[in-house]
Structure formats: structure tokens, C-alpha cells
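Dear colleague,

I am passing on a structure for you to look over, together with some notes on helix packing and on ring contacts. Please read the notes with the model open beside them.

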Amino acid sequence: FFRGFLYPLHHIILIWYACFIESRLISDGWETATIAFFLCATAHILFTLLGYNKIKGKEHTGVRTVMDIVNLFLMLLSLCLVHSPDSDVVKVLAILYALVLFFLNNRRILVKSKGAGTYYVSVKTTVLVLSIVYSFDPAQYVISILLFLLAILGTTLGFIFRTKAFRLYGLILSFISIGKLVLVDIRYSYLMTRALSFLVCG
């Protein structure tokens with residue numbers, strides 16, 4: 001158990017600490033931290049795609065747990081880099097890595113975790129899309145429209161795959177997006193217009 005649990009973590013920690021020690025030796029630490037992220041993320045993606053969570057052909061729970069935790073940590077780091085103003089190249093690479101990391105284990109989670117996994121995948125997809133869009137500083141109504149499109153997508157997937165969780169999440173997201181668009185984003189000059197918008201929102 002401990003061999004399977006610690007082996008992939010050992011590789012990633014080695015890469016991380018090697019880059020961390022290097023960052024202590026040079027002045028521009030943020031560049032090394034960025035390189036460290038891309039190295040760790042690349043190693044993690046390769047481990048996952050090559051079936052590193054399996055020992056003797058069977059999936060190992062300990063390895064899978066560690067790799068899921070590492071994946072979550074790298075997802076959060078990728079979102080931080082998406083909002084980095086230092087370099088457009090870093091931003092584009094961070095967006096690409098974030099897309100890969102966010103969708104890397106979705107299929108397994110959807111197959112094995114059923115309802116809870118569906119909600120988790122839906123929420124993290126929404127967070128990913130919003131984080132990427134917010135990095136370009138859009139108008140607020142664009143966010144509302146985007147949320148509504150995600151709600152339509154979730155509801156459609158729920159009907160196609162007969163998944164209640166997708167349909168419910170799409171319904172909740174549609175309430176939030178329409179409410180935000182009509183009640184917050186759009187400005188009204190007349191009371192009657194506001195009342196009519198409330199009726200349309202309802």
C-alpha cells in the first residue's frame with residue numbers, strides 16, 4: 001500500500017523541490033515557480049495517461065487518491081497562472097494546461113462516482129470556464145449569458161445521458177444566470193420596466 005501510495009508522489013515532490021531549490025539560488029523566483037508548475041503538471045498528466053495509478057494491471061486506490069489530490073492542487077495553480085499579467089505566453093500555456101488538468105479524470109469520476117461525481121465535474125467545469133473568461137475582463141452580462149449557455153449544455157447532457165444530476169445542475173445554473181442578467185446586469189430607468197423584467201425572469 002505505501003509503495004503504491006507514495007511512489008507517484010515521490011516523483012512529483014522531487015521535481016517540485018528541485019525547482020524550489022533552484023529558485024532560492026536566483027533572483028527571479030516567479031519564473032522558476034512557473035517552470036516548476038509546468039514540469040509538475042506535465043509529469044502528472046503523463047503519469048495519468050500512462051496508467052500510473054495501476055499496479056500489476058489493477059487500479060490501486062492509494063495511488064488514485066494521491067493523483068486526484070495532486071490533480072486538484074495543480075488545477076488551482078493553473079487558475080492562478082491564468083490570471084498572471086506577466087506574460088501572454090504563460091497565460092495561454094496556463095489555459096491549455098488548465099483545460100487538460102480539469103478534464104483529465106472526468107470520465108473515471110463520472111463512471112464511478114455517479115451523482116456526486118457529476119456535481120463535482122459540473123462545478124469544476126463552471127469554475128474553469130468562469131476563471132478563463134474573467135481573465136479577459138469581460139462585461140458582466142457576458143458572464144450571465146455564458147452561465148446560461150453552460151446551463152443549457154448541462155441540461156442537454158442530462159437528457160442525452162439520462163443523468164438527473166446534470167439536469168438539476170443545469171436548472172439551478174439557469175436560475176442563477178437569468179436572475180443575475182435581469183436583476184443585476186441590466187439597468188432600468190422606469191419602475192414598470194423593472195417590474196416587467198421581474199415577471200420575465202420568473
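In what follows, axes are lines fitted to C-alpha atoms, for helices over the stretch in contact, and angles run from 0 to 180 degrees between N-to-C directions. Helices themselves (H or I, at least four residues) are DSSP runs, numbered from the N terminus.

The model is predicted, with local features needing pLDDT of at least 70 and side-chain atom pairs counting only at pLDDT 80 or more, whereas totals for chains, interfaces and linings use all residues. Residues are numbered from 1 along each chain as its sequence is written, and side-chain values use heavy atoms, with hydrogens and water left out.

Helix 5 (residues 106-134) and helix 6 (residues 140-160) have axes that come within 11 Å and cross at roughly 155 degrees. That makes helix 5 roughly antiparallel to helix 6, a label given to angles over 145 degrees, while those under 35 count as roughly parallel, 65 to 115 as roughly perpendicular and the rest as oblique. The crossing of these two helices, helix 5 and helix 6, is right-handed, that is, the near helix is turned clockwise from the far one by less than a right angle, anticlockwise being left-handed. On the helix 5 side, Thr126, Val129, Leu130, Val133 and Tyr134 meet Gln140, Ile143, Leu146, Leu147 and Leu150 of helix 6, where contact means heavy atoms within 4.5 Å. The residues of this contact between helix 5 and helix 6 divide into 8 nonpolar, 2 polar and no charged (Ala, Val, Leu, Ile, Met, Phe, Trp, Tyr, Cys and Pro count as nonpolar, Asp, Glu, Lys and Arg as charged, and the others, Gly among them, as polar).

For helix 4 (residues 88-103) and helix 5, the axes come within 9 Å and cross at roughly 160 degrees, which makes helix 4 roughly antiparallel to helix 5. Their contact involves Ile95, Ala98, Leu99, Phe102 and Phe103 of helix 4, with Asn106, Lys124, Thr125, Leu128 and Ile132 on helix 5, and by class the contact of helix 4 with helix 5 has 7 nonpolar, 2 polar and 1 charged residues.

The axes of helix 6 and helix 7 (residues 164-185) come within 7 Å, crossing at roughly 160 degrees, and the crossing of helix 6 and helix 7 is left-handed.

As to rings, Lys91 lies over the face of Phe136, at 4.1 Å from the ring centre, and the charged end of Arg167 sits over the ring of Phe159, 5.4 Å from its centre (the criterion being NZ of Lys or CZ of Arg within 6 Å of the ring centre and within 35 degrees of the ring normal).

Best regards
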